[in-house]
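Reader: I'm new to protein structures and would like to learn how to read one. Could you walk me through it?

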Number of protein chains: 2
Amino acid sequence: MVKPNMYYNELKDSYLFYNIAQKTRTYVENHPGVKLLRMGIGDVSLPLCDAVIKALHEAVDDQASKSSFHGYMPECGAPFLREAIVKYYAKRGISLSAEEIFVSSGASDELGDILDLFDRSNQVLVIEPAYPAYVDANVMAGRKIMYLVSGEENEFLPEPNEKTEADIIYICSPNNPTGAVFSRSQLQAWVNYANKRGSIILFDAAYEAFIEDEILPHSIFELDGAETCAIEICSFSKTAGFTGTRLGYTIIPKALKRNGMNMNEMWVRNRTTKTNGVSYIIQKGGAAVFSEEGQKQIHENIQIYKKNAKVLMQALDQLGIWYCGGKNAPYIWMKCPRGMKSWEFFDYLLQEIQVVGTPGEGFGACGEGYFRFSTFSSPEDTKEAAKRIVKLLS
Amino acid sequence: MVKPNMYYNELKDSYLFYNIAQKTRTYVENHPGVKLLRMGIGDVSLPLCDAVIKALHEAVDDQASKSSFHGYMPECGAPFLREAIVKYYAKRGISLSAEEIFVSSGASDELGDILDLFDRSNQVLVIEPAYPAYVDANVMAGRKIMYLVSGEENEFLPEPNEKTEADIIYICSPNNPTGAVFSRSQLQAWVNYANKRGSIILFDAAYEAFIEDEILPHSIFELDGAETCAIEICSFSKTAGFTGTRLGYTIIPKALKRNGMNMNEMWVRNRTTKTNGVSYIIQKGGAAVFSEEGQKQIHENIQIYKKNAKVLMQALDQLGIWYCGGKNAPYIWMKCPRGMKSWEFFDYLLQEIQVVGTPGEGFGACGEGYFRFSTFSSPEDTKEAAKRIVKLLS
C-alpha cells in the first residue's frame, strides 16, 4: 500500500489570497458596476518591453525552421543566458562563472525545488512576516521551522539571534511583504552567523532591481564570505514583467560545500536528472532583458511602478501614518490607523473606498495590525486610490 | 550545520550519454570532415508545426500590449489548455474533468516533482530496461528500488510478479528504450495488481501518439479501475516536437486516494505552493496542438518519423536480426549481432560506418547485448544509416 506524504496534513490552510478573492467577489456581486482599485496582489500590469517581445518573436521563428530549430536545451541553462547573467553581476563587481548560474522557470518553482539539496533533519529559520510558501514548502518536506519575529522596533530588519541554531535561513531583501532592505552591515551579520554555524542562507533577490539607494546590496554575493554560505534565487517576474512568462535563475557558488558535498555539483546532478531545461523561446526573451536596450526599457517600466510608490508614500506621509518600504521595493507596509486589525482595515477600505490591499496578518502573526500595498497597479488606479485613502483617513 | 541530502552519494554516476558524447567527440576529432549519422539521442529534428508557430507569435503579441497582457497564470494550468486536453481524451472515450489535468513544464520535470506526493518509505518498482531518471529521482529521495527484469522471452513486456509488494510502479508504454507496447490485457493485469495492493502506477505516456495499432491502449485510463490506482504523465516533446519548447501535462484522477488523502487535492496544494504556473506563451502554443489544423500537422510530422522507423525495420528484417519497437513507438530495440556486447557494437558502428546509436546496457543490466535506435533523425540520414548497416552486417 502506498503511503502518501503525510506531512501534507500538517499544512495550515492558506486563506490569505483565497479570502481576499472571496471578499472582493462578494463586494462586486453586491455592487454591480463599481470598479475596485486593486493594490493587493503582487502581479505586474505593464506588458513586456519591446526588446523582449522582439527576441521572443525571433526565437519563435527559430523554432519554425529546420536549420534554426532548437531541441533539448542544456539542463542548467542556455550558455547565452548564463553568460549574460555573468556580465550583469560583473557590473556590480561580483565575479561568477557561468557554471554557478542555473536558469529556472521562476523563483517560486526554484524555492520549492532547491530544498531537495537538504536533509529533512535541518532546522529552518523564517523571518516573519514572510512569503507563506517558505513555510509550506518545508512543512511538506517534514522540516521543523523556527520563526524570528520582526517589527517596528527593528524596522522589520532583525539581527541574527546568536543563541539559535538555524541550518537553513530564508532572507528576502528587498522584502516581501515589508519592502524593508537589509543594509550592507546588517546582511554581513547574517553571512557571518551562517559561516560560523555552517548554515546556508537562501537569499530571495526577486526585488533587487527596485533598489535605488546606491549603498544597499542587490546581491548577497556583494558581502564577504557569502560564497561559502549562500544560494541566491532570482526572478525576471518583477524586474521585467515575466510573472506570466516565467523565468528565473539561481546562483550556487562552487565554493559552497557541506559535509564533503559540493552543493553546486549536487544541483547539476539534480537538474540533469529532474529537468530537460527551460524553454529556448523564453530563455531568448530573458537574454534580451540584459541587452542595452532591454535594460533601458525595463528600467523605464520600473520607474512607472516607483512613481506609484511615491504617490502612495506621499499620501501616508500626509496622514502621518507609519510605513516602511516603497523607496527600494515595490511594496509598502503600513501600520493600520486607529489601532485597526489587518482584516478590519481591509474591510474598511473595501467598503468605504473600494481599495483592495493585503492584510499583514496573512504573512504571520507579527503582521497583525499592518497592511501591504503593491505598487504594480496602473498609475491612474494608484493615484485615485491614494486620493481616496487621504480623504477617508484625514 | 546544514546536513546535505546525503542520498546523493548513493547515486551511480550516469555515464551513458556522457560516454556516447565523449566517444563521438574523439572520433570526430580524429576524423575531421567525416559526418556522423546520429541515431542515438531521442531528440526531434523537425521544427514546430505551423499552427503552433502561429499561436506562439499571437501569444507573444498578447504580452506586448497592456490590454491583452497576461500576468500570473493559474498554478495548475490555463483553463483553455486543460479544456483542450479534456476534449482530446473524450475522443478516446475517457471522461476527465479539467481539474484532473495539471499542466507541467514537461514530463521529465514532472516525473521528479510528482514524487513529493509519496512518503520516503515506499518501495519503488522499475521495469528494466528503463529510462535512468526513474531510478535516480528515487535514489535522491532515499527510496528503496526493486527491479523487474524483462527480456526477449516476454518481448520486454513483463507481467506483475504477484509475490512482490511494490508501492510505486513505473510503467512506460510505448516504452523507452524498447519501443514495446503493453496490450490492453497486459496493462489491465498491472492495474488489477495495483488496485489489489493499494499501489500507484506512474504511467509515462510520452510516446502514445506513435501508436498505430488501434487495439493498443494510449492511456492507462482506458483500463477498468485505473482511476483508483494511476497517475498519467504526458509530454508534448515527441508528439509535437516540444523537446526545446517544454510542455507537458499530468492526469491525477479525483478518485485517487490513499490513507484518507486525496492525491489530486494534494497536488493542487503542491502546485499552488511550489509554482506560479507555466508560461502563457508556451501554453498557447500547446493548445494549438489540439486544434484540427494542429492535429493534422503533428501527425504529418509523426508520419515522417514513422517512415524512418520502417526504413530501419526493413534493414533489420533483411538481416534477420531480432528487434522490437518501431511500429508503435519511435524507438527500435535490436539484438546486437554476432553475440556482441552493447558498447562493443556501439564502437563497431561508429568506427566502421559512422552510425551512432545507444548501447542497451545503459538502461539496466538486462539491456546488455541490445541496442537502441531513435527514429527522430532526418529521413536522409536514416536511409543512409540503414544502407550502411545492411552492407556492414550482411
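Author: Let's start with helix α9 (residues 280-289) of chain B: nine of its 10 residues are buried, so the helix is largely enclosed by the rest of the structure. Buried means under 20% relative accessible area, exposed means over 50%, and partly exposed is in between (1.4 Å probe, protein chains only). Helices (H or I, at least four residues) and strands (E, at least two) are DSSP runs, numbered from the N terminus.

Author: A word on the ground rules. This is a predicted model, in which local features need pLDDT of at least 70, side-chain atom pairs count only at pLDDT 80 or more, and totals for chains, interfaces and linings use all residues. Residues are numbered from 1 along each chain as its sequence is written, chains are lettered from A and ligands numbered from 1 in the order in which they are written, and side-chain values use heavy atoms, with hydrogens and water left out.

Reader: Which are the buried residues of α9(B)?

Author: They are Tyr280(B), Ile281(B), Ile282(B), Gln283(B), Gly285(B), Gly286(B), Ala287(B), Ala288(B) and Val289(B). In chain A, nine of the 10 residues of helix α9 are buried as well, among them Tyr280(A) and Ile281(A).

Reader: What does Ala59(A) contact, leaving aside its neighbours within four places in sequence?

Author: Contact means heavy atoms within 4.5 Å. By that rule Ala59(A) touches Tyr280(A), Ile281(A) and Lys284(A), leaving aside those neighbours. Ala59(A) lies in helix α2 of chain A and is buried, with a relative accessible area of 1%.

Reader: How do I read a nonpolar core?

Author: In soluble globular proteins, nonpolar side chains tend to be buried together. A nonpolar core is a set of buried Ala, Val, Leu, Ile, Met, Phe, Trp, Tyr and Cys residues joined through side-chain atoms within 4.5 Å. Here the largest one has 289 residues, and Ile201(A) and Ile201(B) have the most contacts inside it. Not counting residues up to four places away in sequence, Ile201(B) touches several residues, including Ile169(B), Trp190(B), Ile220(B) and Cys229(B).

Reader: How are chains A and B related?

Author: Copies are superposed by least squares on the C-alpha atoms of residues with pLDDT of at least 70 in both. A rotation of 180° with 0.0 Å of shift along its axis puts chain B on chain A, at an RMSD of 0.0 Å. That is the relation of a two-fold axis. In chain B, the C-alpha nearest the axis belongs to His57(B), 3.1 Å from it.

Reader: At roughly what angle do α2(A) and α2(B) cross?

Author: Axes are lines fitted to C-alpha atoms, for helices over the stretch in contact, and angles run from 0 to 180 degrees between N-to-C directions. The axes of α2(A) and α2(B) cross at roughly 175° and come within 10 Å. Angles under 35 degrees count as roughly parallel, over 145 as roughly antiparallel, 65 to 115 as roughly perpendicular and the rest as oblique. The two helices are therefore roughly antiparallel to each other. Ile53(A), Leu56(A), His57(A), Val60(A) and Asp61(A) meet Ile53(B), Leu56(B), His57(B), Val60(B) and Asp61(B).

Reader: And what about helices inside one chain?

Author: Take α10 (residues 292-319) and α12 (residues 379-393) of chain A: their axes come within 9 Å and cross at roughly 5°. That makes α10(A) and α12(A) roughly parallel to each other. In chain B, α11 (residues 342-353) and α12 (residues 379-393) pack at about 105°, with axes 11 Å apart. So α11(B) is roughly perpendicular to α12(B).

Reader: What should I look for in the backbone?

Author: Most residues other than glycine have a negative phi, and most peptide bonds are trans. In this model, a cis peptide bond joins Asn176(A) and Pro177(A), with omega about 15°. Pro177(A) sits in the loop between β5 (168-172) and α6 (184-197) of chain A. The bond from Ser173(B) to Pro174(B) is cis too, with omega near -5°.

Reader: Where does Glu155(A) lie?

Author: Glu155(A) is in the loop between β4 (144-149) and β5 of chain A. Its phi is near 55°, a positive value in a residue other than glycine. Glu155(A) is exposed, with a relative accessible area of 52%.
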